[in-house]
Amino acid sequence: ELPALARSHGIGLGVAVAVDPLVRDGGYQDVVTSHYTSVTAENTMKWEYVQPERDEFDWSGPDAVVDFARRHGLDVRGHTLLWHNQQPPWLSEGSWTGAELREVMREHTDALLGRYRGRITTWDVVNEPLVDDGPRLRDNLWHRVLGEDYIAEALRMAHEADPGARLYINEFGIEGAGPKADALHALVTDLLDRGVPLHGIGFQGHFVHGSVPEDLTEQMRRYSDLGLDVTVSELDVRIPEPAGQEQLEEQAREYRRVVQACLDVPRCVNVTVWGVSDQHSWIPEWFPGYTAALPFDGSYRPKPALAGMAQAL
Ligand code: XIL
């Protein structure tokens, strides 16, 4: 089966999970425990849920995910600390001095990484630091208040909060060659040159059917060559409606190619799909007109994409 196959190749195979179905839907639980070796919280570890009001932390969702994982022998990928989306209003709308924002950052980082020290050993510390389609740093709260060194500061803080954790930058639009891919590589090279604690790069992998980059392996290898781990952290392959059998078969080859790319890169450690089934996928809501992006359909039946992943292993 998939988990054993993945492990025999030295990689993890993960899935993004939502708290509600994870605690109450048996079919959902079966997919997670039978086919994957790790979970990522799709939302519940994001800032707006963890600290909805200043100094008021809600651990119910994160605890549920971590407890489920522990009961079933699954690893947990931590997602995410600094991001421009899904921030609570008190944070995003606050007018902060640098010192104040640093304090807020430290409290949040200490609380989250501290609580799960030893149980969550991989964290997306900085999510999507570059603008959507270009080579510049995104103008997010952190950048505006702290300047471009916020990334190094966040990584150092996370390292202090949990010296054993593997710390990642997670990004999209870097899976194929281009200015954004090069900009991230330059940023990462600079961080490493300066001795900043950075251990991995997440390639989100939100692909459109028919345009999975041919050079995904090469792009990941660039980071492996720097001594970093890499993962495909949020894989899905969205198909323009309607998705027929032909598209699903072709999608299977795309899933296979992505897993193969990970196997071909020495330090690729995990491939995580972004959702348990097409019914739970973020795609229809966020990309109207697209569908069927994941390896299981809405009735938890495996699609060709699942077999595609297995074929690579
Ligand atoms: C998405 C979730 O899947 C949605 O449920 C939520 O409404 C918005 O965020 N990049 C990321 C993820 O790093 O956290 C995002 O997840 C998808 C894009």
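Residues are numbered from 1 along each chain, in the order in which its sequence is written. Because the model is predicted, local features were considered at a pLDDT of at least 70 and side-chain atom pairs at a pLDDT of 80 or more, whereas totals for chains, interfaces and linings use all residues.

The secondary structure of the protein chain comprises 14 helices and 10 strands, where helices (H or I, at least four residues) and strands (E, at least two) are DSSP runs numbered from the N terminus. The C-alpha trace extends over about 55 × 40 × 40 Å along its principal axes. The radius of gyration, taken over C-alpha atoms, is compared with a globule rule of 2.2 Å times the number of residues to the power 0.38; for 313 residues a compact globule would have a value near 20 Å, and the 19 Å of the protein chain therefore agrees with this expectation. Buried residues account for 44% of the 313 residues in the protein chain, a residue being termed buried if 20 or more other C-beta atoms lie within 10 Å of its own, exposed if 12 or fewer do, and partly exposed in between, with C-beta atoms placed from the backbone. Two residues are taken to be in contact if their C-beta atoms, placed from the backbone, lie within 7 Å, and among contacts between residues at least 6 apart in sequence, 77% join residues at least 24 apart.

Strand 4 (residues 122-127) is mostly covered, with 6 of its 6 residues buried. Two strands are said to pair if DSSP finds at least two bridges between them. On this basis, strand 4 pairs in the parallel sense with strand 3 (residues 75-82) over 4 bridges, and W123 of strand 4 stands opposite G78. Strand 4 also pairs in the parallel sense with strand 5 (residues 166-171), over 5 bridges, and in this case T122 stands opposite R166 of strand 5.

A nonpolar core is defined as a set of buried Ala, Val, Leu, Ile, Met, Phe, Trp, Tyr and Cys residues joined through C-beta atoms within 7 Å. The largest such core holds 85 residues, of which V125, A154, A158 and V258 touch the most other members. Helix 9 (residues 150-161) supplies the largest share of this core, namely 7 residues. When neighbours within four places in sequence are left aside, A158 is in contact with L81, T109, L113, W123, V125, A165 and L167.

The ligand is surrounded by E42, N43, N127, Q204, E234 and W282, a residue being counted as near a molecule or strand if its C-beta atom, placed from the backbone, lies within 6 Å of it. By class, this shell contains 1 nonpolar, 3 polar and 2 charged residues, where Ala, Val, Leu, Ile, Met, Phe, Trp, Tyr, Cys and Pro count as nonpolar, Asp, Glu, Lys and Arg as charged, and the others, Gly among them, as polar. Q204 of this shell is also in contact with F172, as are E128 and H206, when neighbours of F172 within four places in sequence are left aside. F172 itself is found in the loop between strand 5 and helix 10 (179-193) and is partly exposed, with 18 other C-beta atoms within 10 Å. The C-alpha atoms of F172 and P197, residues that are 25 apart in sequence, are 21 Å apart in space.

Several backbone features were also identified. A cis peptide bond joins H79 and T80, with omega about 0 degrees, and T80 is found in strand 3. A cis peptide bond also joins E241 and P242, with omega about -5 degrees; P242 is found in the loop between strand 8 (229-240) and helix 12 (245-264). Q86, although not a glycine, has a positive phi of about 55 degrees. Q86 is found in the loop between strand 3 and helix 6 (89-92) and is partly exposed, with 13 other C-beta atoms within 10 Å. A292, likewise a residue other than glycine, has a positive phi near 55 degrees and lies in the loop between strand 10 (290-291) and helix 14 (304-312), but A292 is buried, with 25 other C-beta atoms within 10 Å.
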